[in-house]
Every structure is written in C-alpha cells, then in structure tokens.
Amino acid sequence: MIHIRSREEIEIMRKSALMVSATLTEVAKMLKPGITTLSLDQMAETFIRDNGGKPSFKGYNGFPYSLCISVNDVVVHGFPGAYELKDGDIVSVDCGFYKNGYHGDSAYTFAIGNVAPEVLQLLKVTKESLFRGIAQARDRNRVGDISFAIENFTARENPYGVVRDLVGHGVGKNLHEDPQVPNYGKRGDGKRLKEGMVLAIEPMINLGTKDVYTANDGWTVKTRDGKASAHFEHTTAVRNNRGEPLSSFDPIEAAEQANPELNTSYYTTVADVTMQ
Ligand code: MG
Ligand code: MG
C-alpha cells in the first residue's frame with residue numbers, strides 16, 4: 001500500500017528530514033584522517049537524541065548503530081567501528097531521524113583528502129543522478145521514470161555499475177514503505193506517482209560492475225570487484241507537480257567546503273556531466 005501524506009504530515013516529515021541533514025552536517029564538520037567511524041556514530045546518536053529524535057536505524061531489523069558508514073568499496077549498511085578514516089578514502093554516511101511519528105532518511109558521500117580523480121567523478125555523477133531522479137518524481141509519472149532517469153544519466157558518461165540488489169523506497173511512519181524505487185528501469189513502468197507520496201530516492205553507483213555481496217556480518221554490502229561505490233539520498237515529496245527534496249544538502253555542502261580535510265574539488269574541476 002502506498003500512502004498519500006497530507007500537507008501537515010509532509011511538514012512533520014520535512015522536520016525529520018532536515019534533522020537528518022543537520023546530523024550529516026555535524027558529521028561533515030568532524031571528518032578528518034584518523035577519526036574512527038564509531039566516534040561519528042556516537043556523536044550522531046547523541047545529536048539525534050539531544051534534538052528529541054530517535055535514530056531510525058538503531059534496532060531496525062537488528063541493525064546495531066545510528067549511522068550506516070560505508071567506506072570505499074562498501075556500498076551501504078557498513079558498521080561504524082574502530083576503522084580510522086585515511087587520506088584518499090570516500091565515506092558514505094546514511095542516517096535516519098524519527099520524531100512525531102515520521103522518519104526522514106538521507107545519505108551523502110564525502111571525499112577525504114587526495115581522492116582519485118575517477119572516484120571524484122563518480123561522486124559528481126551519483127549526486128547529479130539523484131537530482132535527475134528527483135526531477136521525475138512528479139504527479140502522474142511512474143516509478144520507472146525515476147529509475148530510468150538515474151540509470152540513463154549514469155550510463156551516459158561512464159560504464160558505471162548501477163546497483164540492483166538495493167533500491168529506494170517509500171518513507172513515512174515506517175522507515176521502508178511501498179513502493180520500491182529501483183535505480184534502473186524503463187520509462188513508464190511501475191506504480192503511478194501521486195501528489196503526497198514521499199519517496200527515499202537513493203542511487204548507489206559503483207565505479208566498476210554492479211555486482212555486490214553481503215559480508216559475514218549479515219549487513220555490510222560490498223562491491224564484488226573491490227572498486228569504490230557512492231551513495232546519495234534525499235527524502236523526496238511528490239508535490240506541486242515536482243519532486244521536492246525534504247532533506248537538504250545545502251548545510252552539508254557548506255560544512256564540507258569549510259572543512260579543509262574534505263575534498264570538494266569535484267564541484268568545479270571535474271568535467272560537467274550535463275544532459276544533452
Ligand atoms: Mg538512507
Ligand atoms: Mg533509504
């Protein structure tokens with residue numbers, strides 16, 4: 001069943017989604033070589049609870065942490081731990097915030113220091129593909145229009161692997177609701193979109209092939225070929241005949257650009273990835 005949310009519900013969801021953005025902004029301020037991923041998780045849980053929320057992920061199907069922290073060849077669902085981030089890593093941070101009965105869900109991939117140019121390009125393409133997908137999240141369109149826009153855009157520039165084993169989803173009173181929102185597909189396929197639906201759109205794009213596997217911990221999803229993977233996600237409302245992100249990258253990007261340990265050179269130096 002796909003839920004239609006009222007204006008009031010969407011405003012509550014916007015607050016949760018923006019608290020995810022605020023949490024990821026705090027992460028952006030802390031990121032540097034030598035910091036453990038567990039310390040990021042501990043900060044995030046404290047920040048979420050201090051703001052009157054609950055971390056959506058902690059305890060979800062037994063997931064033990066507040067953040068999913070996925071470094072380099074980890075696609076999603078990485079466990080925070082003793083690993084110390086180092087120069088040249090990329091780190092995807094996925095967060096959920098629950099308050100007043102509704103979840104927000106958003107993810108962002110950061111580059112630490114001297115990241116390889118092809119990996120910076122992957123970040124740029126993956127982030128842009130998210131916005132291509134959001135642009136299709138309009139009343140009367142179908143889920144496949146979002147899926148096609150993401151897959152088609154990523155395929156235009158490079159032979160990236162679009163992950164198929166994990167997909168976006170509806171979000172609301174539950175973290176994962178109908179419909180599933182794949183990052184691959186055909187125009188005009190799938191469920192019809194309606195004003196008031198709220199979707200977590202989240203391209204997961206690999207530098208190499210699309211093949212992934214789940215590690216022995218039962219959660220950590222990694223690329224089969226060991227190459228890097230990027231992940232960007234927005235909680236997105238279908239309203240006013242467009243896709244409206246309820247989470248925001250603006251404060252995250254401001255913190256990212258103010259942190260000298262983070263590499264944001266791909267904003268300007270990597271070739272533009274515009275549509276024809
Ligand atoms: Mg997420
Ligand atoms: Mg999600």
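Q: Which residues coordinate the magnesium ion (ligand 2), and at what distances?
A: A metal site is read from its donor atoms, and ideal angles at a metal are 109.5 degrees for four tetrahedral donors, and 90 or 180 degrees for six octahedral ones. In this predicted model, the magnesium ion (ligand 2) is coordinated at 2.1 to 2.3 Å by Asp 105 (OD), His 169 (NE2), Glu 202 (OE) and Glu 233 (OE). Along the chain, these donors follow the spacing D-x63-H-x32-E-x30-E. Asp 105 lies in strand β5 (residues 102–111) and Glu 233 in the loop between β13 (229–231) and β14 (234–239), so this pair ties together parts that are 128 residues apart in sequence.

Q: What coordinates the magnesium ion (ligand 1), and how are its donor residues spaced?
A: The magnesium ion (ligand 1) is coordinated by Asp 94 through two entries of OD, by Asp 105 (OD) and by Glu 233 (OE), at 2.0 to 2.5 Å. The spacing of its donor residues in sequence is D-x10-D-x127-E. Because Asp 94 lies in strand β4 (residues 90–99) and Glu 233 in the loop between β13 and β14, the pair ties together parts that are 139 residues apart in sequence.

Q: How far apart are the magnesium ion (ligand 1) and the magnesium ion (ligand 2), and which residue bridges them?
A: The two ions lie 3.1 Å apart, and Asp 105 bridges them.

Q: Are Asp 94 and Glu 233 buried or exposed?
A: Burial is read from relative accessible area, with under 20% counting as buried. Asp 94 has a value of 8% and is therefore buried. Glu 233 is buried as well, at 0% relative accessibility. Asp 105 is likewise buried.

Q: How many bridges join β7 and β8, and which residue stands opposite His 169?
A: Strand β7 (residues 168–170) pairs with β8 in the antiparallel sense over three bridges. The two strands form a hairpin with six residues between them. Within this pairing, His 169 stands opposite Gln 180 in β8.

Q: Why is the pair of Phe 63 and Tyr 65 assigned its class?
A: A pair of aromatic rings is described by the distance of the centres and the angle of the planes. The ring centres of Phe 63 and Tyr 65 are 6.2 Å apart and the planes stand at 75 degrees, so the pair is edge-to-face. Phe 63 counts as buried at 3% relative accessibility, whereas Tyr 65 counts as partly exposed at 21%. Phe 63 also forms an edge-to-face pair with Trp 219, at 5.0 Å centre to centre and 80 degrees between the planes.

Q: Which residues do ring pairs link into a cluster?
A: The cluster consists of Tyr 108, Phe 110, Phe 131, Phe 232 and Phe 249.

Terms used
Residues numbered from 1 in each chain as written. Chains lettered and ligands numbered in written order. Predicted model: local features only at pLDDT ≥ 70, side-chain atom pairs only at ≥ 80, totals over all residues. Heavy atoms only, no water. Donors = N, O, S within 2.8 Å, 3.2 Å for Na, K, Ca; no water. Helix = DSSP H or I, 4+ residues; strand = E, 2+ residues; numbered from the N terminus. Buried < 20%, exposed > 50% of the residue type's maximum accessible area, 1.4 Å probe, protein only. Pairing = 2+ DSSP bridges. Phe/Tyr/Trp six-rings, centres within 6.5 Å; stacked < 30°, edge-to-face > 60°.
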